[in-house]
Amino acid sequence: MQIIKFHFCLLAFFIISLSNAQSKRYVIHTAAFYNFENLFDIYDDASTNDDEWTPNGAQHWTKEKYEQKLKNLSRVISEIGNPENSNAPTLIGCSEVENRGVLEDLIKQEKIAPYDYGIIHFDSPDQRGIDVALLYQKKYFRPTSYANIPLLIYKNKPIIQEDKNEDLGDVEIKIDTKNRVFTRDQLLVTGFLENEEIHIIVNHWPSRSGGEKASSPFREAAGRLNRKIIDSLQQINPMAKVITMGDLNDGPFNKSIKTELGAKAKKTDVPEFGVYNPFEEMAERGMGTLAFRDSWDIFDQIIMTKSFIEPNFSSFKFWKAGIFNRPYLIQTSGKYKGYPLRNTLTEAGFSDHFPVYVYLIREIK
């Protein structure tokens, strides 16, 4: 168990939040999200469009590049959360992974093998064959249930028929596969962080292919699905602790997050059953997790229910959030100087996204 002693003179957060000036001790866990950017193996999968990520493909994706990519990602994972938490993240949501096999190769890497990560992964219907997954340290987190929840979106008007005379569990849904946009499922994992039940939703919402405006309805649908999942958990337990994380392909100010999911930037504005987004304030300050045409945005976000921001640290609560953008993750020259250091045709980089993280802390009595 990682235990860190915080002093009020160093942490203004605790000066504001706690009424006395005595030193307190806290258990701390890091929860992170990282878009791995095309973590493919070198083998052609006939069922997906992964041809370019093979030795003879357009990316010239060789065994050497793949192995370097794994080393790069494992270095980042091992350091997310430092210096406040010397332990690697307890929970890591990830996207752009081809299959379970690449994750098994990743968690065997020297820098993170000692953390004994478990894997929760499902194959998504995404035509490129990229999925989301959750890695977790078995020592601290025990999953009790998990499911992949499909996002049904269509290029044209959806053809969905429901038999209203049946119970909800027996609703018949007919899917128009011809017009369906096949994208990533939303992964819901429930489990115990030490002895506290929490829920994690891992996302990779539809891309902006075709333009931001034209594709926005797809991400808005993803936001509505996210909200429905959270609502269902809160119906069972109004105080359910839910974290939704992922590459949302929208910034904190977009409709999918502000309206459909209902995320708030200030803790005081979060209503009952609402959700809090600590990354909106970072976006207001011009920070980013990815860049396009020299413009930064925060597509990678970790959002949580109000139950995580109540001012009582007798159970795990949110402390603070961050973007992990160490200098070695940044391109130092050329056209994309200052951008995240991604893959190129000649070498394996890290990712075109910076990872994000939050700290969850609990007071030790």
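Analyst: Of the contacts in the protein chain with a separation of 6 or more, 71% are between residues 24 or more positions apart; contact here means heavy atoms within 4.5 Å. One caution: this is a predicted model, where local features need pLDDT of at least 70 and side-chain atom pairs count only at pLDDT 80 or more, while totals for chains, interfaces and linings use all residues. Residues are numbered from 1 along each chain as its sequence is written, and side-chain values use heavy atoms, with hydrogens and water left out.

User: How many helices and strands are in the protein chain?

Analyst: There are 6 helices and 18 strands. Both are DSSP runs numbered from the N terminus: helices are H or I with at least four residues, strands are E with at least two.

User: And what share of the residues is buried?

Analyst: Buried residues make up 53% of the 365 residues in the protein chain. The cut-offs are under 20% relative accessible area for buried, over 50% for exposed, and partly exposed in between (1.4 Å probe, protein chains only).

User: What makes strand 5 largely enclosed?

Analyst: All the counting comes out one way: 7 of the 7 residues of strand 5 (residues 131–137) are buried, so the rest of the structure largely encloses this strand. Look at both faces: D131, A133, L135 and Q137 sit buried on one side, and V132, L134 and Y136 are buried on the other.

User: Why does the pair of Y136 and F141 get its ring label?

Analyst: A search of the whole structure finds 14 aromatic pairs. For Y136 and F141, the ring centres are 5.8 Å apart and the planes stand at 70 degrees, so this pair is edge-to-face. Rings of Phe, Tyr and Trp (its six-membered ring) pair if their centres lie within 6.5 Å; planes under 30 degrees apart are stacked, over 60 edge-to-face, and the rest tilted. Y136 counts as buried because its relative accessibility is 12%, and F141 counts as buried at 1%. Elsewhere, ring pairs link W296, Y336, Y339 and F354 into a cluster.

User: How do you know which strands are the edges of the open sheet of 7 strands?

Analyst: Its order is 6-9-10-11-16-13-12, with mixed pairing. Strand 6 (141–149) and strand 12 (263–264) each have a single partner strand, so one side of each has no neighbour in the sheet, and they stand at the edges. Strand 12 pairs with strand 13 (residues 275–276) in the parallel sense over 2 bridges, and K264 has Y276 as its bridge partner.

User: Is T144 buried, exposed or partly exposed, and why?

Analyst: T144 is found in strand 6. Its relative accessible area is 42%, so T144 is partly exposed. Leaving aside neighbours within four places in sequence, T144 is in contact with T190, G191 and F192. T144 and F192 are 48 residues apart in sequence, yet their C-alpha atoms are 7.5 Å apart.

User: Now N277: buried or exposed, and why?

Analyst: N277 has 0% relative accessibility, so it counts as buried. N277 lies in the loop between strand 13 and helix 6 (279–284). Not counting residues up to four places away in sequence, N277 touches residues including P252, I257, K264 and I303.

User: And L329: buried or exposed, and why?

Analyst: L329 has 2% relative accessibility, so L329 counts as buried. L329 is in the loop between strand 17 (317–323) and strand 18 (356–363). Beyond its neighbours within four places in sequence, its contacts include Y34, V76, Y339 and F354. L329 and S351 are 22 residues apart along the chain, with their C-alpha atoms separated by 8.1 Å.

Terms used
Pairing = 2+ DSSP bridges.
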